[in-house]
Amino acid sequence: MSKTLTKAKGFKKSKTGTYLSIGTTAFGAISVAKQAKKARNEGDTLRLIDAAVSAAAIVTGLALLYRELRRLGDDDVLLG
């Protein structure tokens with residue numbers, strides 16, 4: 001395995017990498033909110049269901065990332 005690939009895998013499990021993942025996941029919530037608003041305005045039930053499922057996936061993803069931060073022993077003020 002190359003040294004760069006090893007560093008990339010290590011970054012993924014680092015506090016910084018986890019914070020970056022939280023940010024990008026939360027940013028995805030903006031897209032889902034826009035999708036839900038558009039679906040409501042158009043009365044498109046199927047797109048509204050899709051937005052709800054996507055929102056549930058985002059919430060689950062954020063919960064998993066939060067758990068990863070706690071596992072890493074982050075003593076950030078926000079984590080308590």
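## Overall fold

Read along the sequence, the chain follows the pattern α-α-α. It holds three helices and zero strands. Both are DSSP runs numbered from the N terminus: helices are H or I with at least four residues, strands E with at least two. Of the 80 residues of the chain, 15% count as buried. Buried means under 20% relative accessible area, exposed over 50%, and partly exposed in between, with a 1.4 Å probe and protein chains only.

## Model and confidence

This is a predicted model: local features need pLDDT of at least 70, side-chain atom pairs count only at pLDDT 80 or more, and totals for chains, interfaces and linings use all residues. Residues are numbered from 1 along each chain as its sequence is written, and side-chain values use heavy atoms, with hydrogens and water left out.

The chain averages a pLDDT of 83, and 75% of the residues score at least 70. pLDDT is the predictor's confidence in each residue, from 0 to 100. Confidence is lowest in helix H1 (residues 3-12), with a mean of 53. It is highest in H3, at 95.

## Helix H2

H2 has 28 residues. From its first C-alpha to its last it reaches 41 Å, close to the 40 Å expected at 1.5 Å a residue. The expected span is 1.5 Å times one less than the number of residues. The buried residues of H2 are Gly 17, Thr 18, Val 32, Ala 36 and Ala 39. An α-helix has 3.6 residues a turn, so residues three or four places apart point the same way. Gly 43 follows H2, and its phi is positive, near 70°.

## H2 against H3

Helix H2 (residues 15-42) and helix H3 (residues 45-71) pack at an angle of about 165°, with their axes 9 Å apart. That makes H2 roughly antiparallel to H3. Axes are lines fitted to C-alpha atoms, for helices over the stretch in contact, and angles run from 0 to 180 degrees between N-to-C directions. Angles under 35 degrees count as roughly parallel, over 145 as roughly antiparallel, 65 to 115 as roughly perpendicular, and the rest as oblique.

H2 passes H3 in a left-handed crossing. The term applies if the near helix is turned anticlockwise from the far one by less than a right angle; clockwise is right-handed. The residues of the contact divide into 14 nonpolar, six polar and seven charged. Ala, Val, Leu, Ile, Met, Phe, Trp, Tyr, Cys and Pro count as nonpolar, Asp, Glu, Lys and Arg as charged, and the others, Gly among them, as polar.

## Residue pairs across the sequence

Ala 52 lies in helix H3. It is partly exposed, at 48% relative accessibility. Its C-alpha is 9.6 Å from that of Gln 35, 17 residues apart along the chain. Gly 61 is also placed in H3. Gly 61 is partly exposed, with a relative accessible area of 21%. The C-alpha atoms of Gly 61 and Ala 26, 35 residues apart along the chain, are separated by 9.3 Å.

Leu 72 is found in the segment after H3. At 24% relative accessibility, Leu 72 is partly exposed. Leu 72 and Thr 18 are 54 residues apart in sequence and 9.6 Å apart in space, C-alpha to C-alpha.
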